[in-house]
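Biologist: Can you walk me through this one? Keep it short, please.
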Amino acid sequence: MTTFILLLITGLGLGALYFLVASGLSLIYGLMGILNFAHGAFLTLAAFAGWEVGRRMGLDTTSGFVVSIVVGALVGALFAALTEFVLVRRLYERHIEQVLVTVGLSLASVALFEGIWGSDPVYFQRAPWLTQTTNVLGASVGNTVFVAIGAAVLVLVGLLLFLNKTRYGLIIRAGVENRSMVTALGIDVRRAFTLVFTIGGMAAGIGGVLASNYFGYVSPLLGGSLLIFAFIVTVIGGLGSLAGAAVASVVVAVLQQFTNYYWGYGDFIVVLLLAVVLLVRPQGLMGRKAA
Amino acid sequence: MTEATATSVGAHAGPGTPAIQLVDLSWQVGGAKIVRGVNLSVAEGEIVGVIGPNGAGKTSLFNLISGINPATSGVVMLRGTDVTNETISRRARRGLGRTFQTSSLFPQLSVLENVRLAAQQRLGGNLSVLRFPRRDDEATQEALRHLATVRLGKPRRLAGSLSHGDKRKLEIAVLLAQEPAVILLDEPMAGVSSHDVPDLTEVIRGLHATGASVMIVEHHLEVVLGLVDRVAVMHHGELIAVDTPEGIMKNQAVQSAYLGDIAS
């Protein structure tokens with residue numbers, strides 16, 4: 001029972017990290033039809049920026065940890081907004097070029113990060129309370145797991161409030177359904193594009209800092225390794241569906257965690273799940289069928 | 001055929017300025033000429049029907065006017081302003097609204113949200129990222145008023161759950177919320193049950209009564225002929241006649257091209 005609880009809660013923690021990356025990916029694809037392969041770069045840069053600022057303040061302090069999250073969120077948002085404004089904006093409806101540019105940016109970013117910070121993972125001291133565990137029904141669960149889950153829930157609630165309660169949220173939801181009709185109403189949908197990229201980058205930035213605390217290191221490859229599973233989560237949840245991304249994040253991560261523990265085939269089972277979903281329900285768990 | 005003489009490109013709206021003026025408007029895809037040298041003028045407050053067989057170029061003409069497709073040559077004037085090279089959203093902000101043959105709604109948004117989106121765009125405030133709309137704010141009140149005008153209840157329902165006739169009504173409520181000066185209706189009766197046609201005809205009449213100029217593409221000829229001031233007939237991408245409904249019914253060229261069975 002203790003093992004079950006431990007695997008379940010750590011699975012939820014991993015799912016929280018997947019969701020922080022996948023939420024932005026899903027919104028960006030839903031509104032703009034763009035598969036953003038550079039999303040991992042937002043996460044990695046934010047993780048390094050958070051680490052750089054945090055270590056100057058003392059990463060082993062709570063204030064350093066909090067500041068690193070804020071810095072990570074801001075850097076992720078800024079990098080994403082610049083990417084949209086400088087590169088992606090010129091390429092709407094040109095899907096091949098979008099893939100080439102975002103893949104190119106992703107590869108170039110990794111090379112740049114390796115040039116600046118080296119290719120090896122940089123391990124760092126975390127605040128003592130983050131390295132401690134909390135007992136849940138006999139299972140000792142690391143506190144970083146609870147922090148990741150709490151952050152993901154806050155981001156999910158914030159995004160849902162934004163989408164459902166604000167004027168811009170209404171535009172974005174409408175744009176996800178029918179972008180050209182939003183334009184036909186006289187709405188300049190490009191502002192919504194930039195905003196969605198920025199929000200996605202911010203969530204990825206928070207995810208980057210939390211992931212580095214979760215794993216205990218920052219690395220130029222941090223974003224890429226999470227991005228693969230975030231893409232799988234986005235497809236399984238249904239491209240464009242925030243709720244789908246949340247549900248799929250939990251399903252994928254918990255399944256991965258249990259399978260890894262008992263059989264060691266966690267990654268394989270996730271890819272198998274992706275294949276089954278694509279065959280049985282190609283639009284994903286909560287996505288809409290293509291017209 | 002030339003139906004009217006164009007005013008100078010870029011002229012400002014003023015008394016007597018047409019709501020829409022098309023000057024030698026053409027659209028070509030590869031070697032196929034879809035719209036051929038159309039000249040047409042629609043006066044402020046006028047309602048003009050566009051009829052013609054399938055493939056005549058009616059919807060393509062609407063796409064050129066609304067900016068969905070770029071004109072190969074010619075000029076589109078909207079209330080005295082040359083909008084030929086302007087984007088769809090820019091033309092919409094100049095007061096052009098349109099519906100589409102297939103439903104142009106947001107099915108996963110509620111009925112109210114569909115209309116509210118258009119109302120908030122017209123009233124402004126979209127840039128307020130964190131501006132939480134109140135339940136009773138101006139855009140919501142306007143949206144509810146327009147829904148009442150088209151006789152559509154239950155505003156919290158998802159638009160995708162509406163019947164086809166109600167979807168058409170909702171599209172017109174969205175148009176009302178835009179308060180466009182010029183309206184293009186592309187087959188508003190398509191797929192609507194015969195029971196709903198009179199009701200929808202009255203809704204369109206009400207739309208026109210707001211003072212807007214209207215162009216309507218419609219295959220229900222009895223609806224068009226009873227609703228419009230003039231009828232424009234297209235055939236093979238060309239405008240072959242523009243006249244009153246009575247004049248069109250007597251026009252030999254039109255009868256042979258399109259109306260033969262109905263007029264006889």
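Biologist: Where is A:Ala127 found?
Modeller: This is a predicted model. In it, A:Ala127 lies in the loop between strand 1 (122-123) and helix 5 (128-131) of chain A.

Biologist: Is A:Ala127 buried or exposed?
Modeller: A:Ala127 is buried, because it has 20 other C-beta atoms within 10 Å. The cut-off for buried is 20 or more.

Biologist: Which residues does A:Ala127 touch, not counting those up to four places away in sequence?
Modeller: A:Ala127 touches A:Asp60, A:Thr61, A:Thr62 and A:Phe65.

Biologist: And what separates the C-alpha atoms of A:Ala127 and A:Gly237?
Modeller: 34 Å. Along the chain, the two are 110 residues apart.

Biologist: New topic. At what angle do helix 10 and helix 12 of chain A pack?
Modeller: About 30°, with their axes 10 Å apart. Helix 10 covers residues 222-237 and helix 12 covers residues 266-280. Angles under 35 degrees count as roughly parallel, so these two helices of chain A are roughly parallel to each other.

Biologist: Is the crossing of helix 10 and helix 12 of chain A left-handed or right-handed?
Modeller: Left-handed.

Biologist: Which residues meet there, in helix 10 and helix 12 of chain A?
Modeller: Helix 10 of chain A brings A:Phe229, A:Ile232, A:Val235 and A:Ile236. They meet A:Val270, A:Leu273, A:Leu274 and A:Val277 in helix 12 of chain A. By class, that contact has eight nonpolar, no polar and no charged residues.

Biologist: Now chain B. How many residues of chain B are in contact with chain A?
Modeller: 25 residues of chain B, in contact with 18 residues of chain A.

Biologist: Which helix of chain B gives the most to that side?
Modeller: Helix 3 of chain B, with six residues.

Methods: Residues numbered from 1 in each chain as written. Chains lettered and ligands numbered in written order. Predicted model: local features only at pLDDT ≥ 70, side-chain atom pairs only at ≥ 80, totals over all residues. Axes fitted to C-alpha atoms, helices over the stretch in contact; angles between N-to-C directions. Helix = DSSP H or I, 4+ residues; strand = E, 2+ residues; numbered from the N terminus. Parallel < 35°, antiparallel > 145°, perpendicular 65-115°, else oblique. Left-handed = near helix turned anticlockwise from the far one by under 90°. Contact = placed C-beta atoms within 7 Å. Nonpolar A, V, L, I, M, F, W, Y, C, P; charged D, E, K, R; others polar. Buried ≥ 20, exposed ≤ 12 C-beta atoms within 10 Å, placed from the backbone.
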